[in-house]
Amino acid sequence: MTLGSGTGASAGGAPKPAGRRTGVAGWLNFSPPALILGTLFFAASLTPSLVPRPPVVQGALGGFSFAAGYGIVAAIHWFGRWLELPRLRLLDRPSLILAATVACTAAAGLALWWSAGWQNRLRDLMGMEPIDNAGRATVLAVAVVVFAVLLVLARLFGVTIRALSRRIEGRLPRRVALLVSVVLTAFLFWSIGNGVLVRGAMHAADASFRALDGTFEETSLQPTDPLKAGSPGSRLSWEGLGRTGRAMVAAGPDRAGIEAATGRPALEPLRVYVGLNSADEPEARAELALAELIRIGAFDRSTLVIVTPTGTGWVDPESQSALEYVLGGDVATVAVQYSYLASWIAVLAEPEYGLEAARAVFASVYGYWRDLPREARPRLYLHGLSLGSYNSDLSHDLHQVVSDPYHGALWSGPPFNSPTWSEATRNRNPGTPAWLPAFRDGSVIRFMGAGGAQPAATASWGSFRILYLQYANDAVTFYDPVSLWRRPDWLTPPVGPGVLPDFAWFPVVTFLQLTFDMMTAVAPPLGQGHRYAFPDYADAWLALTGAPGWTPEAVAALKAHRAGGSS
């Protein structure tokens, strides 16, 4: 197989027509139709999607997009040769190649020239500062390098197919030998890529994040209060909590801060965090978490929340502080770390990463909670952001809780493959948008967007509640594999807040754009993309828990207090 369109033999070993280019000339033999489609894909990749892209990221996306367009035409050419269809000699004319090169260069140049304007429209929508240019030289250079690497890999793939085909052609019919060679080569490349490169990259990322997790931040001071995890009286060592755990435990608000913001008496919030280094097995970490909750009297509070952290072990402080303000500190929160990896890496490479830990924590805490007298136990809620939302959703099954259900869940920024979210979105009520759907009568599952927006419900919320908090421009939630071949439902007008009304869908290219958007979903400011803001969390926790005593004026005052820089 070759990505060029020279007039060479079919890969199965048919006689080689004259004019076939070999050696370096063969590797540099480009197809005009492939160049044209590759250039169109490259130009389309420069259009805005959900997240503004820096030059290096845009360049990498452009390189992949060009390679995708080029590869589609090359695959069609290869299939035609396999079928032994006659070749259009017109495609080999130097004049056509020259014309295609000039046209492609002009199209790429125009798209690069317009790219800064395209990106600035999206940046303006997100409240970000405009850019003078889009780093055009960097974009072009990175795209060329990425395409060159992919081209070399593709042509090595073709060389391997031809080598294998020649070896087995005498034992099998020619076309069968070719197909077998394709399958064997694909398996070989997949094994090398997945077994060596991907695992190596995962181990390298894990080691890097592990080192980061071990660092001590000056702002995360060890507490002296014996009711704090990691304090001298705790079952958990301060070092074992890790960087993310120490940040959660040391963060505000405290009792005094809550009273100052609300003007009402408050309690000191209780937070328990068990780091990955606190114990070797998920079950042991879960038991440590339960023991610490019992030690500090967490089950005597009015509300207990099991938070499943993100892949790195991070618990969103915006959500944590909103929860504690809304409930006046009368709440205990527990989180157990299960990895160091960034959520988007785990979602793409191993979506069930952390499930064992999430299930162990839920079984331990819920089991103890269920055995307490009903009148003496706290309300129990689940919470998770991103991969934490996914794992929290799957931390239990219906049979565990149907006889004695917990009270509800707040799942924010759920990944696109979250089972409950996917089912509710897919089966939403007709006429409601995919980015803010209504599900049945709203008595169990509801959705909330930016600014507390909710679709109308036809029934009151029941005693068991699930609330999804999601932004319409969150690429982690709205990454959609079907965008490879059709427009995603959430792009059907009218689009949601933060999404450009003229966001154009392109086959293949939009799928690649969303893939890169998911990797950079936390780049936008708070309240956009995958970065959820305090005001929206406050609205969500108020709606979910039904916390008493909050008037619209009091909620507005709390948000203004937090916006003023208070923790």
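Trainee: Over how many bridges do β1 and strand β3 pair?

Mentor: Keep in mind that this is a predicted model. Strand β3 covers residues 331-336, and its pairing with β1 is in the parallel sense. For the pair β1 and β3, the count of bridges is five.

Trainee: Thanks! Which strands stand at the edges of the sheet?

Mentor: Let's walk through the order, which is β1-β3-β2-β4-β5-β7-β6 in an open sheet of seven strands with parallel pairing. Each edge strand has a single partner strand, so one side of it is left without a neighbour in the sheet. From one strand to the next, the twist averages 15 degrees. The edge strands are β1 (270-274) and β6 (445-448).

Trainee: Which strands does helix α12 lie across, and at about what angle to β2 does it run?

Mentor: Helix α12 spans residues 355-370. It lies across β2 (303-308), β3 and β4 (379-385). Its angle to β2 is about 170 degrees.

Trainee: And which strands does helix α18 touch?

Mentor: Helix α18, residues 534-545, packs on the sheet, and its direction makes about 170 degrees with that of β7. The strands touched by α18 are β2, β4, β5 (408-412), β6 and β7 (465-469).

Trainee: Nice. What share of the residues of the protein chain counts as buried?

Mentor: Here the cut-off matters: buried means under 20% relative accessible area. The protein chain has 567 residues, with 19 helices and seven strands. The share that counts as buried is 51%.

Conventions. Residues are numbered from 1 along each chain as its sequence is written. This is a predicted model: local features need pLDDT of at least 70, side-chain atom pairs count only at pLDDT 80 or more; totals for chains, interfaces and linings use all residues. Side-chain values use heavy atoms; hydrogens and water are left out. Two strands pair if DSSP finds at least two bridges between them. Helices (H or I, at least four residues) and strands (E, at least two) are DSSP runs, numbered from the N terminus. Axes are lines fitted to C-alpha atoms, for helices over the stretch in contact, and angles run from 0 to 180 degrees between N-to-C directions. Contact means heavy atoms within 4.5 Å. Buried means under 20% relative accessible area, exposed over 50%, partly exposed in between (1.4 Å probe, protein chains only).
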